There are 2 protein chains.
Amino acid sequence: MAHGIQNETGLFCCMRTLISETISKVGKEILLKGWVNTRRDHGKIVFIDLRDRTGIVQIVASPQLVEGLHSEDVIYVTGLVKARPEKLVNPKLTTGTVEVEAKKVELISKSAELPFDMGQETLQLELPTLLDYRPLTLRHPKVNAIFKVQEVVIDSFRKALKSQDFFEFQSPILIPEVAEGGAEVFKVPYFEKYQVYLSQSPQVYKQILVGAYERVFAVNKTLRAEPSVTTRHLAEVTTLDAELGFIDSWLDVKESAQRTIQFMLNAVGEQCKDILQEFDTTIPKFTPEIPMIKLREAQEIIFKRTGIDHRQEPDLGPEDEREICRWSLEEHESDLIFISHYPVKKRPFYTYPDPDDPEFTMSFDLLGRGTEWMTGGRRINDYAKLLENAKIWKLSPERMGLYLQAFKYGMPPEGGFSFGSERITMHILGLKNIREASLFPRDMERVDVRLSTLK
Amino acid sequence: MAHGIQNETGLFCCMRTLISETISKVGKEILLKGWVNTRRDHGKIVFIDLRDRTGIVQIVASPQLVEGLHSEDVIYVTGLVKARPEKLVNPKLTTGTVEVEAKKVELISKSAELPFDMGQETLQLELPTLLDYRPLTLRHPKVNAIFKVQEVVIDSFRKALKSQDFFEFQSPILIPEVAEGGAEVFKVPYFEKYQVYLSQSPQVYKQILVGAYERVFAVNKTLRAEPSVTTRHLAEVTTLDAELGFIDSWLDVKESAQRTIQFMLNAVGEQCKDILQEFDTTIPKFTPEIPMIKLREAQEIIFKRTGIDHRQEPDLGPEDEREICRWSLEEHESDLIFISHYPVKKRPFYTYPDPDDPEFTMSFDLLGRGTEWMTGGRRINDYAKLLENAKIWKLSPERMGLYLQAFKYGMPPEGGFSFGSERITMHILGLKNIREASLFPRDMERVDVRLSTLK
């Protein structure tokens, strides 16, 4: 059963050494386990780049030892770690100061021939091919690294909120009513008899839970049946959501959002240095106090800078977002900027209107490098007003019963914010299409497999 | 806008004090924010138990100050913290050594009259009422505490896996094919045109990712359309899943599962001491090496102890599970026990058969206190064998394309394990119905609202 290799040097050889550990094992015999990344034949010797989860190391072997081995074969290699002569050190590999002289090679799992070359520094593939071969392309170090960044994004989101004394909860997928306006919703015939929906947002639940835990957050899937194939939209994303009660003002919400995003970006900057370098990028610039202006101020600035007059528009268009971010970088040295006071009619029914300017809301978007990253704001916490608004928005008070009930029984002033982990990963790494930032992207054309190939 | 209270003692009073902090503020004037938990009128003075996310404290007020206030009203209280005389100390409250003399009380949000008494130590409600009023009942400290335990369960699962160098990923909800046998699946008309399903398990994805990250875990929603209303089943649960590659034997999987569950139970034991006490329970007893026996051995033991002969059965029945757990506790002082070697025909198509006994699998269940907690085992990592089995199990190799592809291109020996956070929470706290361990339980009869009340 056991795949440990019996060897005259004894038991120690049977403990697997991770590739990242090889640099500290010069002169020792070790056992490595991994995939053949590339193979280069040089007559009497063969070089194999062996890959495991910690990196790549060069194996030197006689042709007989590695006969028939190809890329993606899983092999176990017993060998001697040797320091490379200085002129042969490979600065591109973290293990570039060593190589491993193979003494024994065991084939564990044979790979079929690859449909394309996996040995390039960047995979030169069209997006459909990249996704058709997802299990394979995810093994490529540069594709693989995208989701290491995403893991840090999500993990640091949790850490940021926990440090602010928030409670983590799991938000439902199946919901009885569509509380958010705008995007399309997936319908589920529930036990063949009832109509329920897939959650577009944990909004309803995080607000309910403010009544029980005051400060809550969730990392959860949200689903949108948006009938469009853009570079920014997916049918399924992982959303990062937070909500907090007992605020003194909507600015407390912005403050918490600001602390959270700053913590997250710093975490990525520190933990993903090499990856950022590989993608030839840096984390966005930001200042301790991220600049914030009202929508109407932003439009005024854009008008002055470009002559384009969008001062009556209810929202910023894509070019407006890019322009105001350019302004923010020039004037405030910040790639991030908050825009507040969007019109009441452009925001969901629960958004709090500014008492001093009731056509506008105490809500904000965070823009980063020319595009929207996050949205948030204060919510209405008055039961009667919410009930009234639900009716205006044509929501069923019956199906929304649980949500309304939370406010019926005393709810403090509260607000929250929300953003997508795929989108933030995409923008940090400068990816061109959000599908690259989703492990298994779902859209109108694909749910793992291309839908057009199925009945 | 600001809800800070202006007061002659100055600015300091405007900073909120959390209730848990009151015990260290004797002699100070503070601002508390929370819900009226209970109100007791004693003629010239009124006692209010004020509740926030950190606890409950007694407020002493004159009737005029708190006129008309009822349970669940949100109030802000400015007052003086006083030490209680020794004979009036309330040992049931962590703030029982102090009380707060109210100087000013502000009503922030009025609650409707409550449908039942929220002031009892344990809510005496039938399950349907408990769930019909979920936003309210979640505010009750003993209900509220269930999900604090669940948060620790999930958080410690993540910590346990990270300490074993696992990578966290987000598993899809929408899937093209049902890889797991057994439980029913929800169907989604995808963009009105294609049929997709809601994920019953991240099995397919965690196995694919072993090829890219070697060791992966996920905390995600899984959905099952089980047409039964039992005390142990929900339509939607949060599953804790792990998978690891380069194992030397299926016992490596069991070892990782064992370390994980031990870490989690210890975390609950340490972080939820008070809650366990309140529920009059303890974490299950376990030993450093959790006992493990084969299914056939377990059935032999049961036969010897009870005379009931289930030695030919392919699985343990509920009474068998209870009996073998009793045996484990008596013989090994362990509430937990692994049962291995379930028959091939009772396990999914990817389960690894034991070469020495090919009718049985290298899989295991973990039983705890008389019932199943977790399942796991080694998987087949040979592409040809998986393809063959998929056909036998009548799965579409086309819709399963991504999964099979992962094994086509070289996959190490691997395995994994999985369990439900609701079920483990239920069993730790000794709850009678799994619905109590789900914030917003979904079953055949309820998706927040009672489905029978809807069209």
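Between domain 1 of chain A and domain 2 of chain A there is one residue pair in polar contact, with both residues at pLDDT 80 or more. A polar contact is a pair of N or O atoms within 3.5 Å; within protein, one must be able to donate a hydrogen and the other to accept it, and residues adjacent in sequence count only if both atoms are side-chain atoms. The model is predicted: local features need pLDDT of at least 70, side-chain atom pairs count only at pLDDT 80 or more, and totals for chains, interfaces and linings use all residues. Residues are numbered from 1 along each chain as its sequence is written, chains are lettered from A in the order in which they are written, and side-chain values use heavy atoms, without hydrogens and water.

**Confidence**
- Chain A has a mean pLDDT of 94 (pLDDT is the predictor's confidence in each residue, from 0 to 100).
- In chain A, 96% of residues reach 70 or more.
- Residues 1-12 of chain A have pLDDT below 50.
- Where pLDDT is low, the predicted coordinates should not be read in detail.
- For the complex, the predictor gives an ipTM of 0.95 and a pTM of 0.95.

**The two domains of chain A**
- Domain 1 covers 19-109 and domain 2 covers 129-453; such bounds come from an automatic or database domain assignment.
- Their centres, taken over C-alpha atoms, are 45 Å apart.
- Five residues of domain 1 and four residues of domain 2 make the contact (heavy atoms within 4.5 Å).
- The two domains bury about 330 Å² between them, 50% of it on carbon and sulfur atoms. Buried area is the accessible area (1.4 Å probe) that two parts lose on being put together, summed over both.
- One salt bridge is found across this domain interface (a side-chain nitrogen of Lys or Arg within 4 Å of a carboxyl oxygen of Asp or Glu).
- A:Arg139 and A:Glu72 form a salt bridge, with their closest N and O atoms 2.9 Å apart.

**Chain A against chain B**
- Each chain gives residues to the contact: 109 from chain B and 109 from chain A.
- Chain B and chain A bury about 9,300 Å² between them, with 60% of it on carbon and sulfur atoms.
- The interface holds 12 salt bridges.
- A:Lys33 and B:Asp248 join side chains in a salt bridge at 2.8 Å, N to O.
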